[in-house]
Amino acid sequence: MTTVALDTEVGPLLRSWRERRRISQLELALRADSSARHISFIETGRSRPSEEMVLRLAEHLDVPVRERNALLVVAGYAPRYAETALDDPAMGALREGMDRLLRGYDPYPAFVVDGTYTVVAANQGIVRLLDGVAEHLLAPPMNAMRLTLHPEGLAPRIRNLRAWRADLLAQMERQIALVRSAELRELYEEVAGYPVPAGPDGDADRAAPSESVPFALPLHIEHEGQVLSFVASIATFNTPMDVTVAELAIETLLPADRATADRLRSLAP
């Protein structure tokens, strides 16, 4: 994933991150054990931060790992964090752990995506939901946003599509604001432009099941004549030291009612 750098000096980039986090120079200085004057000098280019200071400020500004590397390069230092391909032998333990987790969650759907929503692993619970999805959407590399929102994907079967689509697009907007990725922006513009399929009654949001989920927005999706209801959760790795790992997300669909749980168990071999 490519990050779009809008500035060519580290000071303005750090100021941009601080402003996005909505904290003052003084607050950042206190967090980073520095002074507001020194932070001001760094942001205006009057002082060149050390490698340690760049990393310290990035840590306190919660800058994503990929963008920390970019800050270091702009400041004249070597990247600190590796970017190891998932098929690299060094990632064997990680892949095995993710596969074990996904299998253990079956028959409930679970999958892993990277920073551009490419599906890098999935269990059979997800595969069972993809019946009827167009072949071109299932061809590698599969993309979770395309699978969900494309008119030939899951979209026509999602009963509360407008609400679910709005939530996914808002999630992408927040991520784009954070990482300023050209690939993410392109993907967002593509999926946001998909037409919203209408239901049999001509309304894009058909009636959802009467049983509500008060604690989270549910996903209501038709499958083989039955409406299944899910609540989604997302897990990431704690304190990642590799760009690839930092951008992985494990997404699980938890049954929102007993009927859905029973149906999923009945579908499992």
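Two strands are said to pair if DSSP finds at least two bridges between them, and it is in this sense that P218 stands opposite V231 in strand 4. The structure shown here is a predicted model, and its 5 strands form an open sheet in the order 2-1-5-4-3, with antiparallel pairing. Strand 2 (119-122) and strand 3 (218-223) stand at the edges of this sheet, and because each has a single partner strand, one side of each is left without a neighbour in the sheet. On average, and with direction ignored, neighbouring strands of the sheet are turned by 30 degrees against each other.

**Pairing within the sheet**

- Strand 1, which covers residues 110-113, is paired with strand 5, which covers residues 249-255, in the antiparallel sense over 4 bridges, and A110 has T252 of strand 5 opposite it.
- Strand 3 and strand 4 run antiparallel and are joined by 6 bridges.
- Strand 4 also pairs with strand 5, again in the antiparallel sense and over 6 bridges, and here V231 stands opposite L254 in strand 5.
- V231 can therefore be followed across the sheet, since P218 stands opposite V231 in strand 4, while L254 of strand 5 is likewise opposite V231, with pairing defined by at least two bridges between strands.

**The hairpin and the helix across the sheet**

- The hairpin of strand 3 and strand 4 has 2 residues between the strands, and in this hairpin E224 takes a positive phi near 55 degrees.
- Helix 13, made up of residues 258-267, lies across strand 3, strand 4 (226-235) and strand 5, and runs at about 95 degrees to strand 4.

**The cavity**

- The count comes to 1 cavity of 30 Å³ or more, and the volume of the largest cavity is about 30 Å³.
- The lining of the largest cavity is formed by L149, L161, R165, V191, Y194, P195, V196 and P197, and these lining residues divide into 7 nonpolar, no polar and 1 charged.

- Q25 has its place in helix 2, which covers residues 25-31, and Q25 counts as partly exposed because its relative accessibility is 24%, where partly exposed lies between the limits of 20% for buried and 50% for exposed.
- When neighbours within four places in sequence are left aside, Q25 is in contact with R18, A36, I39, S40 and E43.
- Q25 and G92 are 67 residues apart along the chain, and their C-alpha atoms are separated by 42 Å.

Methods. Residues are numbered from 1 along each chain as its sequence is written. This is a predicted model: local features need pLDDT of at least 70, side-chain atom pairs count only at pLDDT 80 or more; totals for chains, interfaces and linings use all residues. Side-chain values use heavy atoms; hydrogens and water are left out. On a 1 Å grid over the protein atoms alone, a cavity is a set of points where a 1.4 Å probe fits but cannot get out, and a pocket is an open set with protein on both sides within 12 Å along at least five of seven lines; lining residues have an atom within 4 Å of a point. Grid points are joined across faces, edges and corners, and a volume is the space filled by probe spheres set on the points. Ala, Val, Leu, Ile, Met, Phe, Trp, Tyr, Cys and Pro count as nonpolar, Asp, Glu, Lys and Arg as charged, and the others, Gly among them, as polar. Axes are lines fitted to C-alpha atoms, for helices over the stretch in contact, and angles run from 0 to 180 degrees between N-to-C directions. Contact means heavy atoms within 4.5 Å. Buried means under 20% relative accessible area, exposed over 50%, partly exposed in between (1.4 Å probe, protein chains only).
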